[in-house]
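Here are my comments on the structure you asked me to look over. Please read them with the coordinates open beside you.

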Amino acid sequence: MSGKRVFSGMQPTGKAHLGNLIGAFNNWVSMQDSYETIYCVVDLHAMSTPFEKTDLSEGRLRLAKMIIAAGVDPKRSLLYYQSEVPQHAELYWILGTLTGVGQLQRMTQFKEKSDRAGQGFGILAYPVLQAADILIHKVHAVPVGDDQAQHLELTRDLATRFNSRFGEVFPVPERITPEIGARVMSLQDPDSKMSKSDPNARATLFLDDSDDEIRKKIRSAVTDTGTEVAYDWENKAGISNLLEIFAYFSGRSIDDLAAEYGTGGYGNFKSAVAESVASGVKPIREAYEGMSDAEVVEVMRASAATAREMADRTMDDVRAAVGLS
Ligand code: AMP
Ligand code: TRP
């Protein structure tokens with residue numbers, strides 16, 4: 001244990017999929033061995049684009065359950081709903097007073113999503129709330145993908161700005177880039193990322209898919225017209241994506257797998273990938289299905305109470321620093 005504290009969050013929109021497992025949960029789980037880990041279902045962030053009430057309330061519970069099913073252990077990590085720790089929103093306001101509107105308007109996510117979000121104040125303010133999520137726990141590091149680099153930069157700016165204006169309160173957090181499985185691609189279009197909002201139902205492998213659904217989706221994954229199983233993103237993106245997924249679940253190296261399946265034909269290769277994924281996802285699905293809602297609600301409530309106490313200690317420092325005490 002390095003004594004270092006990390007924080008990461010995920011929005012409860014849509015259903016968790018293979019990209020979330022390999023790109024996020026897997027790292028969240030392994031970091032439990034070497035860091036003090038804090039993970040958050042960022043339900044307030046999920047309100048920054050139009051949403052349905054029932055989707056939000058079901059989605060946050062479903063995501064919490066899936067995070068636990070994937071191996072985040074609530075006894076070792078703090079896992080809670082953002083909305084149950086109001087200090088996130090309080091710090092967000094204070095950080096907002098230090099944030100330039102221009103800087104927020106230049107964010108890629110704002111440019112991409114503000115049209116869909118109607119008037120868009122939520123999507124404009126989104127990165128400030130994310131900065132508050134991170135700074136409220138004075139964390140040292142944040143494991144997130146490349147797509148979050150800009151938000152992390154803003155967080156670092158705000159920490160630095162706050163400290164130089166009001167005195168040293170926040171560590172300036174680093175971004176940790178996950179080592180493996182940076183990008184899982186769509187099974188139907190290996191040039192785009194696997195995503196929960198893909199309109200093509202066969203493109204995304206959800207973590208609660210049945211064995212049969214998994215087999216079907218992998219067998220119908222788009223590949224090129226060749227015959228050789230080789231790791232070559234330029235010419236064989238579909239096969240390369242399956243090789244990465246296979247390597248993740250089998251624990252074997254890509255070279256090793258390519259050597260074994262190289263000339264055996266795509267059908268044979270896909271069947272082997274499908275079996276490996278099906279048996280890897282099965283314990284997660286079973287853990288997910290075996291957990292009662294009540295159990296998860298209780299775990300989340302207990303963690304939020306701890307998180308509120310921790311967050312309040314930071315807010316005491318913040319209030320004192322800015323003159324609110
Ligand atoms: P999202 O599902 O877009 O809310 O993403 C939540 C997190 O899951 C991201 O920050 C990534 O770390 C991870 N993630 C989502 N999609 C993928 C993907 N296709 N490949 C790898 N990681 C992903
Ligand atoms: N914006 C992140 C995403 O879309 C989710 C998020 C919210 C987050 N707050 C965070 C991630 C704090 C890391 C730390 O993936």
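Predicted model: local features only at pLDDT ≥ 70, side-chain atom pairs only at ≥ 80, totals over all residues.

1. The domain assignment divides the chain into domain 1, which is made of two segments, 5-182 and 293-322, and domain 2, which covers 211-288. The C-alpha centres of domain 1 and domain 2 are 33 Å apart, and the contact between them draws on nine residues from domain 1 and six residues from domain 2.

2. What kind of atoms give the area buried between domain 1 and domain 2? Carbon and sulfur atoms account for 82% of that area, which comes to about 850 Å².

3. On the side of domain 1 that touches domain 2, helices α1 (18-31) and α2 (53-69) each contribute at least two residues.

4. Ligand 1 is surrounded by 12 residues, and the closest are G19, N20, V184, M194 and K196. Two of these approach nitrogen atoms of the ligand through the backbone: an N or O atom of the G19 backbone lies 3.1 Å from a nitrogen atom of ligand 1, and for V184 the corresponding backbone distance is 2.8 Å. K196, by contrast, uses its side chain, a polar atom of which lies 3.0 Å from an oxygen atom of ligand 1.

5. Ligand 2 has 13 residues around it, with F7, Y126, Q130, D133 and Q148 the closest. Here the polar approaches come from side chains: a polar side-chain atom of Y126 is 2.7 Å from a nitrogen atom of ligand 2, one of Q130 is 2.8 Å from a nitrogen atom of ligand 2, and an N or O atom in the side chain of D133 is 2.7 Å from a nitrogen atom of ligand 2.

6. The count for the model comes to 22 salt bridges. One of them pairs R319 with E90, whose closest N and O atoms are 3.2 Å apart; R319 belongs to helix α12 (residues 293-322) and E90 to helix α3 (residues 87-96), so that this pair links distant parts of the chain, 229 residues apart.

Conventions: Residues numbered from 1 in each chain as written. Chains lettered and ligands numbered in written order. Heavy atoms only, no water. Domains from an automatic or database assignment. Contact = heavy atoms within 4.5 Å. Buried area = accessible area lost by both parts, 1.4 Å probe. Helix = DSSP H or I, 4+ residues; strand = E, 2+ residues; numbered from the N terminus. Near = heavy atom within 4 Å. Polar contact = N/O pair within 3.5 Å; in protein donor to acceptor, adjacent residues only side chain to side chain. Salt bridge = Lys/Arg side-chain N within 4 Å of Asp/Glu carboxyl O.
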